[in-house]
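Work through the exercises below with the sequence and the model side by side. Try each task before reading its solution.

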Amino acid sequence: SLISLGSTQQLARVPSMLRRVAKQLAAASVAARPGGAPSARTFTSSSARATTVLCVRKDGDVVLMADGQVTLGSQVVKPNVKKVRRLQAGVIGGFAGATADAFTLFERLEMKLDEHPGQLTRAAVELAKAWRNDKYLRRLEATMVVADAEHIFQITGGGDVIEPHEGIVGIGSGGPFATAAARALMDVPGMSAADICRKAMTIAADTCVYTNHNFVTETIGPDDAKHEGETKDKDAETKDKKKDKK
């Protein structure tokens, strides 16, 4: 009976021992980081992946399409959210991730576009640099797709600015399905960029449980490209005039 009593007392102490070990491991983990500060959030939450956004460029047209579903864990909380928007004349963007974080990044990108008008590449790189280096921005969980008539970029919080060589990029949980479908449809005669986007997004929605069929679209056509070219020419003329005055 004494042996049995001793074993019971040891078992009763096990939970407290485990809690103490867990606290020690957590403290050691924090101490091992530079400055002893907790690490920034990482892009791992289900809300950051639970969507599909697809961008396709073909025959001078750029189409950006996204589904409207918002998922919180295993629950669909809203079916008709707008995840794409027109940032400026000739520039469109979409996001996968936390909505508030994405709109904060869109605002920063618009500021960069105001600083570098008509230069989406430079604005995207400057945003990625700020996103990676700023101690507040680096905690934002989202992935962005931005496009103009000439370029399509995927921007992430890791400092990546990726331009697809085939004019197709998809992000979110259904992004790989939509991208694969769009690549297969690119060479089909008679299919426009809008047709490819809609068919590929339908396939993704049929495959991915986090994607629905309520698609929202933003497009850039030849008229937008012409307007953007005129804007670049005007900016160049303005800079030349300023140099001449100096």
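**Exercise 1. The chain as a whole**

Among contacts in the protein chain between residues at least 6 apart in sequence, what percentage joins residues at least 24 apart?

Solution. Take contact as heavy atoms within 4.5 Å. Of the contacts between residues at least 6 apart, 63% join residues at least 24 apart.

Some ground rules follow. This is a predicted model, in which local features need pLDDT of at least 70 and side-chain atom pairs count only at pLDDT 80 or more, while totals for chains, interfaces and linings use all residues. Residues are numbered from 1 along each chain as its sequence is written, and side-chain values use heavy atoms, with hydrogens and water left out.

Next, count the secondary structure. Helices (H or I, at least four residues) and strands (E, at least two) are DSSP runs, numbered from the N terminus. The protein chain has 7 helices and 11 strands.

Last, look at burial. Buried means under 20% relative accessible area, exposed over 50%, and partly exposed in between (1.4 Å probe, protein chains only). Of the 246 residues in the protein chain, 37% are buried.

**Exercise 2. Aromatic pairs**

Classify the ring pairs that Phe95 makes with Phe103 and with Phe106.

Solution. Two values are needed, because a pair of aromatic rings is described by the distance of the centres and the angle of the planes. Rings of Phe, Tyr and Trp (its six-membered ring) pair if their centres lie within 6.5 Å; planes under 30 degrees apart count as stacked, over 60 as edge-to-face and the rest as tilted.

Step 1. The whole structure holds 3 aromatic pairs. For Phe95 and Phe103, the ring centres are 6.0 Å apart and the planes stand at 65°, so this pair is edge-to-face.

Step 2. Phe95 is buried at 3% relative accessible area. Phe103 is partly exposed at 33%.

Step 3. Phe95 and Phe106 have ring centres 6.1 Å apart and planes at 75°, so this pair is edge-to-face. The pair links distant parts of the chain: Phe95 sits in strand β6 (residues 91-97) and Phe106 in helix α3 (residues 99-115), 11 residues apart.

Step 4. Phe106 is buried, at 0% relative accessibility. Phe95, Phe103 and Phe106 form one aromatic cluster.

**Exercise 3. A residue of α3**

Which residues does Ala102 contact, leaving aside its neighbours within four places in sequence?

Solution. Ala102 lies in helix α3. Its relative accessible area is 0%, so Ala102 is buried. Beyond those neighbours, Ala102 contacts Phe95 and Ala142.

**Exercise 4. Two packed helices**

Describe how α5 and α6 pack.

Solution. Step 1. Helix α5 (residues 175-185) and helix α6 (residues 193-207) pack at about 140°, with axes 8 Å apart. Axes are lines fitted to C-alpha atoms, for helices over the stretch in contact, and angles run from 0 to 180 degrees between N-to-C directions.

Step 1. Residues of α5 at the contact include Phe177, Ala181 and Leu185; those of α6 include Ile196, Lys199 and Thr207.

**Exercise 5. A loop residue**

Is Val209 buried or exposed?

Solution. Val209 lies in the loop between α6 and β11 (216-220). Its relative accessibility is 67%, so Val209 is exposed. Val209 and Thr71 are 138 residues apart in sequence and 9.7 Å apart in space, C-alpha to C-alpha.
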